[in-house]
Amino acid sequence: MKCIEIKSSQREQWIPITSQVEDAVRESGFLDGACLVYVPHTTAGVTINENADPDVADDLLMGLARLIPRNLPFRHSEGNSDAHLKSSLVGCSVLVPVRKGRLQLGTWQGIYFGEFDGPRRRQCYIRFLREGGNGA
Amino acid sequence: MKCIEIKSSQREQWIPITSQVEDAVRESGFLDGACLVYVPHTTAGVTINENADPDVADDLLMGLARLIPRNLPFRHSEGNSDAHLKSSLVGCSVLVPVRKGRLQLGTWQGIYFGEFDGPRRRQCYIRFLREGGNGA
Amino acid sequence: MKCIEIKSSQREQWIPITSQVEDAVRESGFLDGACLVYVPHTTAGVTINENADPDVADDLLMGLARLIPRNLPFRHSEGNSDAHLKSSLVGCSVLVPVRKGRLQLGTWQGIYFGEFDGPRRRQCYIRFLREGGNGA
C-alpha cells in the first residue's frame, strides 16, 4: 500500500496532493478501476475541489471556520473538537475513477489534503480497487 | 466508463438519477461489488437521501443555504464559493453496494445529483468495482 | 453480503461499530483491498473519528445540532429534516483500506454509526472490494 508523507505548516490548510496521487497511479501500473485516497487521522480530511484559483481554497477554510467556530462549548480537553467535526463533514477519503492508467478528475478538479489541527506530520494511504465491469 | 448527461434548470437543485444508475448496472451485466457514481465538477455533488416526499429535497437545499450563505465575505471572483463549499461537504461521489446485479439501496434511498451553481450541463461517471469476498 | 444489526437508544447517538466490522473482515477471509460500510437509511449515517475520548463523540453531536437546528422552517411533515440533512453531510458510507486481512484504520480512528432520528432498529451492510494493484 502506497503512503504519501505530508507536512502541514499552519493550523488550517489545504495541501494539494494531486500530483503525488497521479505519480502513485503511474508507478503502480494500475489501469482500470478506482483510486482510494485515505487519511488515517481524526483532525484532518481529504476533498476534491477547484484546482485553478487559490482563493477558492481560502474561501473553503473561511467558510468552514464560520460553520464550526473553535470556541463552541466543546468538552474535549484538547481544544480541537472543531477539527474533529470538520474531519467528519469533509470526510477522510476520496475515491476517483481510473481509466487506462489515468485519474478521471474533471477539468477543474484537484485533490486536497485538509489539515484542521496542524502544523503536523501527516500521511495519506493510496489503494487501487479493481474494475468489475468490462473496463471500457 | 459509463457517463450520464445531466441538464440542470436552476441554480440549486437536486436531480434524481437513481433510474439512470440502475439502467447502467443492468446494461453492464455487472453482478457483485459496488457502483461508484462520480461527479467531475467542483460546484456540484451527489448524495443519497429520501426518495418519497419531495419536501425533503427542498428542505435539504434550504438547510444548506442557511448553513452556507452566498454572501459570506468570499474572495473568489466568480461569486460561487458557496457552491464550492457545498460540493466539498456533500461530496462528489457515492458508492453503493451491488448484489446479484441490483443496487442495494435502502427502501427509502434514492441517488441525487446536487446542482449548486446552475443552470448548466453536467456529467456523472459510473464505474463498477469488483467484489473481493465470497460474493454472497 | 454481511449485515450488522444496530439498535439505537436515543434520538441522536454515535454507536461504535469498529469491532463488528473487524469481525466481518476476519470471518470473510478477505485479505487485500477495501471494506465498504454502507448505511441503507436516510436519517442516519456513518463516520470515522476519535476512538479514545468519548467527549469527542458528544462534541460532534452538539456541533451538528448547532449547525442544523431541528426547528429550521422545514416543510417535511415528519419533522425530521434535520436528520436527513445530517445524513447527507456526514454521508452514508465509509471505505477503509484492508491489507493482509486487517483494516488500515489510523491509531486514533474508530468507525461510528450515526443515529440522527432514533431510537430505532438499524442496519449496516459490509462489502469487500478487491485490490487492483500489486496488493503490497
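**Exercise 1. Find how many cavities of 30 Å³ or more there are, and give the volume of the largest cavity.**

Solution. Start with the count: two cavities reach 30 Å³ or more. A cavity here is a set of points on a 1 Å grid over the protein atoms alone where a 1.4 Å probe fits but cannot get out. A volume is the space filled by probe spheres set on the points, with grid points joined across faces, edges and corners. Now the size: the largest cavity comes to about 630 Å³.

Before going on, note that this is a predicted model, where local features need pLDDT of at least 70, side-chain atom pairs count only at pLDDT 80 or more, and totals for chains, interfaces and linings use all residues. Residues are numbered from 1 along each chain as its sequence is written, chains are lettered from A and ligands numbered from 1 in the order in which they are written, and side-chain values use heavy atoms, leaving out hydrogens and water.

**Exercise 2. Describe the lining of the largest cavity.**

Solution. Lining residues have an atom within 4 Å of a point. There are 38 of them, and A:Ser93, B:Val90, B:Gly91, B:Ser93 and C:Ser93 lie nearest the centre. Next, sort by class: 23 are nonpolar, 15 polar and none charged. (Nonpolar is Ala, Val, Leu, Ile, Met, Phe, Trp, Tyr, Cys and Pro; charged is Asp, Glu, Lys and Arg; the others, Gly among them, are polar.)

Definitions and conventions:
On a 1 Å grid over the protein atoms alone, a cavity is a set of points where a 1.4 Å probe fits but cannot get out, and a pocket is an open set with protein on both sides within 12 Å along at least five of seven lines; lining residues have an atom within 4 Å of a point.
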